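Subject: Structure handover

Hello,

Here is the structure we spoke about, with the sequence alongside. My notes follow below it.

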Amino acid sequence: MKISLLHSPACRFALLGILLWLGKYFLEWRNSYHLMATSDEVLKASYHDWASSNGMHPNVEQKAEIQRSILAKRVSVTEALRRDIHLNDTVIYQRLLRNADFLGIEGDKSQKIADALALGLHKSDELIQRRLVQRIEALGRAQAYPLPKIGDALLRARYTEKIDQWLDPPRLKIHHVYLSANNANIESKVDSLMKELQFSSIEDEQAYLLGDYFLFGNELPLTNMSRLTNIFGDKFTNTLVQLATSNSLPNEGNVWLGPLRSEYGVHFVKIISFEKATYRDFDDVKFTIQQDYVRELENEALTKYRNKLLSKYKVK
């Protein structure tokens, strides 16, 4: 009586071996999508770094976002390694060679790379991890392409929606004479300087000599409010703009105004010229608006891509 091939001991043994191999492969594949929970030490260090950068301790929601950011980085690194991205990246290649040389690994470049990979240097190097995250993020942003048609109507709508973004603040060109707050009897010196400037017709260069040295100079070219505020402070800048926009300001560029006080001391100021706040034309900012829109589309694609990756991994 013939024995069926499927019922032979050898065939059964072979089938059992295949099933066991497939089962082992499946378990390894499934476990590769499992990540250990982030350690308390790493979380505490991350909370501390966040607090140092923001000047306050993170609340519950902020801690959750920090945890999510850490997990997203770990998932990105794991996914990049799964795809062997580290084997085809010149930045990582050079970093591994550098690490191999630092450890005294001998051989040609190929041997050094092989030994570095065998030691797992690509898994523990912070720069390599950042590079892997960058590569995964690039893949995520690439999901936005091909881009939808971006016409002028869309760009003009975004220009109008964020019109304040395209407002150039007022700019002033000023000359000033400065008295340091460190002067003894400063009020007496202020009175004396005011009389000298108001009742004598000295040139500006001579007037500067009546005051103290000022770090940013006595003559400022057309400068926007933000820069003026950084130099002189809010109060000084706001007062100066109010004077510049006043209809009662006589002989622009020929009258010393003041005394005006700043964080440094007292100033007498001439407003040489003043440019009102103006909106930049659409055509001047069209390219910037388009680039911002493309960046938004890329970031939206990245968020979806990252969420999809996060859904594939389980935290133990």
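N185 is exposed, because its relative accessible area of 63% is over the 50% cut-off. This residue is not a glycine, yet its phi is positive, about 55 degrees. N185 sits in the loop between strand 3 (171–180) and helix 9 (186–199). Please keep in mind throughout that the model is predicted.

A second residue of this kind is D84, also not a glycine, with a positive phi of about 60 degrees. D84 belongs to the loop between helix 3 and helix 4. Its relative accessibility is 36%, so D84 counts as partly exposed. For context, most residues other than glycine have a negative phi, and most peptide bonds are trans.

Two peptide bonds are cis. One joins Y145 and P146, with omega about 0 degrees; P146 is in the loop between helix 7 and helix 8. The other runs from G258 to P259, with omega near 10 degrees, and P259 lies within strand 5 (residues 257–261).

On the chain as a whole: the protein chain has 13 helices and eight strands. Of its 316 residues, 33% are buried. Taking contacts between residues at least 6 apart in sequence, 73% join residues at least 24 apart.

Helix 13

Helix 13 covers residues 282–312, 31 residues in total. From first C-alpha to last it reaches 44 Å, close to the 45 Å expected at 1.5 Å a residue. There is a bend of about 25 degrees in helix 13, at T288.

Which residues of helix 13 are buried? They are F282, V285, I289, Y293, V294, L297, E298, A301, L302, Y305, L309 and L310. An α-helix has 3.6 residues a turn, so residues three or four places apart point the same way. The buried residues of helix 13 pack against helix 3 (60–82), helix 7 (126–142) and helix 8 (152–161).

Helix 3 and helix 7

Two of those partners also meet one another. The axes of helix 3 and helix 7 come within 8 Å and cross at roughly 85 degrees, which means that helix 3 is roughly perpendicular to helix 7. On the helix 3 side the contact involves K73, S76, V77, E79, A80 and L81; on the helix 7 side it involves E126, Q129, L132, V133 and I136. Sorted by class, the contact of helix 3 with helix 7 has six nonpolar, two polar and three charged residues.

Helix 4 and helix 5

How far apart are the axes of helix 4 and helix 5, and at what angle do these helices pack? The axes of helix 4 (residues 90–102) and helix 5 (residues 109–118) are 9 Å apart, and the angle is about 85 degrees. The two helices are therefore roughly perpendicular to each other. Helix 4 contributes Y93, L96, L97, A100 and D101 to the contact, and helix 5 contributes K109, K112, I113, A116 and L117. By class, the contact of helix 4 with helix 5 has seven nonpolar and three charged residues, and no polar ones.

Regards

Technical notes:
Residues numbered from 1 in each chain as written. Predicted model: local features only at pLDDT ≥ 70, side-chain atom pairs only at ≥ 80, totals over all residues. Heavy atoms only, no water. Helix = DSSP H or I, 4+ residues; strand = E, 2+ residues; numbered from the N terminus. Expected span 1.5 Å × (residues − 1). Bend = angle between axes of the 7 residues up to and from the residue. Buried < 20%, exposed > 50% of the residue type's maximum accessible area, 1.4 Å probe, protein only. Contact = heavy atoms within 4.5 Å. Axes fitted to C-alpha atoms, helices over the stretch in contact; angles between N-to-C directions. Parallel < 35°, antiparallel > 145°, perpendicular 65-115°, else oblique. Nonpolar A, V, L, I, M, F, W, Y, C, P; charged D, E, K, R; others polar.
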